[in-house]
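Please consult the sequence and the model alongside each answer.

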Amino acid sequence: MRNCELLIIGGGPAGLSAAITAAKAGARVEVLERGAHIGGQLIKQTHMFFGSKKQHASTRGIDIADMLLKEIADLNIKVHTNTTAVGIYEDGVVTAVRGEEEYIKFKPSAVIVATGASEKALAFPNNDLPGIYGAGAVQTLMNVHGVRPGDDVVMLGAGNIGLIVSYQLMQAGVRVKCILDAAPKIGGYLVHASKVARMGVPILTGHTVKRAIGSDKLEAVEIVRLDERFRPIEGTERIIEADTLCISVGLTPLTELLSMAGCKMKYIPQLGGFVPLRDENYRTSVENIFVAGDTAGVEEASAAMVEGCISGLMAARQLGHVPEDFAALAADYRAQLEALRSGPAGRHIRDGIANADL
């Protein structure tokens, strides 16, 4: 059994921000990360962030990751890579598997769960053909391993991720044949849509994939137009030759550990699915368990980092570590989140969070 003060599960933007904030407050922090490297989604994001200077606006995700990693090292935070948390039990014990065989038990005084989210899939005939990827997998191939997924791509999803990955594909020399979205209008920011449109890529709203075509691998995609009730309109089918179909239809919070720990959960569509109920300090219904990032509800990485700062600060306070500027820090973090969620674009997030209060 390994005793520790604050255990953070997940080494992505939320988890790292929580670790840094808690460590600066005086907490002794350890981080579990299932991958070989910490940084999460940041290490494959080559685009520049929005927000304010406090959320690293105009800085690329990969550079933000480097900044966080340096702070982690400077603060002597213990990081366990290749270590997957597999359970949180009623007695507070957290179990994890390192590598393929080593089984470890942790006994933390407090836990922050920042496990992120998984990509949603879409059901259509032949959706298991080689050449069909989630947008996150495409980013990993290109931006982490330097591998182009194919030559001709159809992108399904015109949210921010779909638009950004489309642009990154074109930067890598891949032809994006079109971007589809079932909704009647583009879901992502206009600045991202404008960039791909200026490069000649058609964005077809009110369209979806009817089927994938191919024998041993993807050869073409049949698309179809949808009516106002999202039903396929017969006679509008088109076949587009492509060797790659990239699916970007949303994310689902990874909350299995929280359910296992007995946290109260609720299905909130605006936040991506089942999420833990929590108070304004990101503490769940289980006293010593906090959440942050996409685990608490799917948003942009900027919001995930600020949520991590709040949960790290509050977990540290619960452990008896209260910095002199605690009140000012807490107020600043909350103001940053409010600004990120302001305006019509953030309305669904605000509505979702209102339903997630304990």
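Q: How many aromatic pairs are counted by the rule, and what makes Tyr267 and Phe274 a pair of their kind?
A: The count comes to one aromatic pair. Rings of Phe, Tyr and Trp (its six-membered ring) pair if their centres lie within 6.5 Å, and planes under 30 degrees apart count as stacked, over 60 as edge-to-face and the rest as tilted. Tyr267 and Phe274 lie 5.3 Å centre to centre with 65° between the planes, and are therefore edge-to-face. This is a predicted model, in which local features need pLDDT of at least 70 and side-chain atom pairs count only at pLDDT 80 or more, while totals for chains, interfaces and linings use all residues. Residues are numbered from 1 along each chain as its sequence is written, and side-chain values use heavy atoms, with hydrogens and water left out.

Q: Why are strand S17 and strand S18 called paired?
A: Two strands pair if DSSP finds at least two bridges between them, and strands are DSSP runs of E with at least two residues, numbered from the N terminus. S17 (residues 265-268) and S18 (residues 273-276) have four bridges, so they pair, in the antiparallel sense. Met265 stands opposite Pro276 in S18. The two strands form a hairpin with four residues between them, and Gly272 in the turn has a positive phi of about 105°.

Q: What makes Lys195 a charge over the ring of Tyr167?
A: The rule asks for NZ of Lys or CZ of Arg within 6 Å of the ring centre and within 35 degrees of the ring normal. The charged end of Lys195 is 4.2 Å from the centre of the Tyr167 ring and is listed as sitting over that ring.

Q: Why are S8 and S11 edge strands of their sheet?
A: Five strands form an open sheet in the order S8-S15-S9-S10-S11, with parallel pairing. Strand S8 (132-134) and strand S11 (203-205) each have a single partner strand, so one side of each is left without a neighbour in the sheet. S8 is joined to strand S15 (residues 244-247) by three bridges, and Gly134 has Ile247 as its bridge partner in S15.

Q: Which strands stand at the edges of the open sheet of three strands?
A: The order is S12-S13-S14, with antiparallel pairing. Strand S12 (207-213) and strand S14 (238-241) stand at the edges, because each has a single partner strand. Four bridges join strand S13 (residues 220-225) to S14, and Val221 has Ile240 as its bridge partner in S14.
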